[in-house]
Amino acid sequence: MNIMIVYSHPSKKSYTFQVLEQLKTALQKENWNLDISDLYEMNFRSDMSEAEYEREGFAQTQLPIPADVLAEQEKIEKADCIIFLYPVWWSDCPAKLKGWFDRVYTVGYAYGQNETSRKMKTIPYGLVICTAGHPNAFLNEIEIAQSMEKIMLEDRLGKRFKNKEMIILGGTLELEKVMSEHFEQINQIPDKIKSLKIV
């Protein structure tokens, strides 16, 4: 089993980083291969260059794809499961992760295929995990949870993933009340993956 984690948080003092460490521990017990793209650690460039826009905006698929983007696409092609982990900032993911989608989902690869382009493979399982200050009940009440799920699952993951779901780890403003429940959810992820009989 090859698991790719796309992680987006600038601080190792954050709760999101604790979640990452717990997730790694749970997955490593299965002896699965982990490939982590820590976008801040990598200093991944989130802004699209003018040359990239020329390629994307006008579907000029003959123009070159930057090396850092190709490296991420190679990780995608090896993955049986991709997990996106990030904090909720202003009802969405951090700009680094949004920029990952902007740049890595190139035309001809993730969409707009033609007879000469390499199409992104369909990933068996995509899991979105985000930490949020507000409780899940409140995020559902104000319909932010539904909005985040729609954008991440239906647009960014879309038909590129066979199975997909989102886990919102809400209520982190009162961390002592939710941490044990959150970590239990994280610990159940390997069983969830195995139940899909991906490989």
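Biologist: What makes the radius of gyration of this chain agree with a compact globule?

Modeller: For 199 residues a compact globule would have a radius of gyration near 16 Å, and the chain has 17 Å, so the two agree. The radius is taken over C-alpha atoms, and the globule rule is 2.2 Å times the number of residues to the power 0.38. One word of caution: this is a predicted model, where local features need pLDDT of at least 70 and side-chain atom pairs count only at pLDDT 80 or more, while totals for chains, interfaces and linings use all residues. Residues are numbered from 1 along each chain as its sequence is written, and side-chain values use heavy atoms, with hydrogens and water left out.

Biologist: How many helices and strands does the chain have?

Modeller: Eight helices and five strands. They're DSSP runs numbered from the N terminus: helices are H or I with at least four residues, strands are E with at least two. Along the sequence they follow the pattern β-α-β-α-α-β-α-β-α-α-β-α-α.

Biologist: Why are helix 1 and helix 7 called roughly parallel?

Modeller: The axes of helix 1 (residues 15-28) and helix 7 (residues 175-187) cross at roughly 30° and come within 9 Å. Angles under 35 degrees count as roughly parallel (over 145 is roughly antiparallel, 65 to 115 roughly perpendicular, the rest oblique). Helix 1 and helix 7 are therefore roughly parallel. Axes here are lines fitted to C-alpha atoms, for helices over the stretch in contact, with angles from 0 to 180 degrees between N-to-C directions.

Biologist: Which residues make that contact?

Modeller: Helix 1 brings Y15, Q18, V19, Q22, L23 and A26, and helix 7 brings L175, M179, H182, F183, I186 and N187. Contact means heavy atoms within 4.5 Å.

Biologist: Why is N187 called partly exposed?

Modeller: N187 has a relative accessible area of 35%. Buried means under 20%, exposed over 50%, and partly exposed is in between (1.4 Å probe, protein chains only). So N187 counts as partly exposed. Leaving aside neighbours within four places in sequence, N187 is in contact with Q22 and A26.

Biologist: What percentage of the 199 residues count as buried?

Modeller: That would be 46%.
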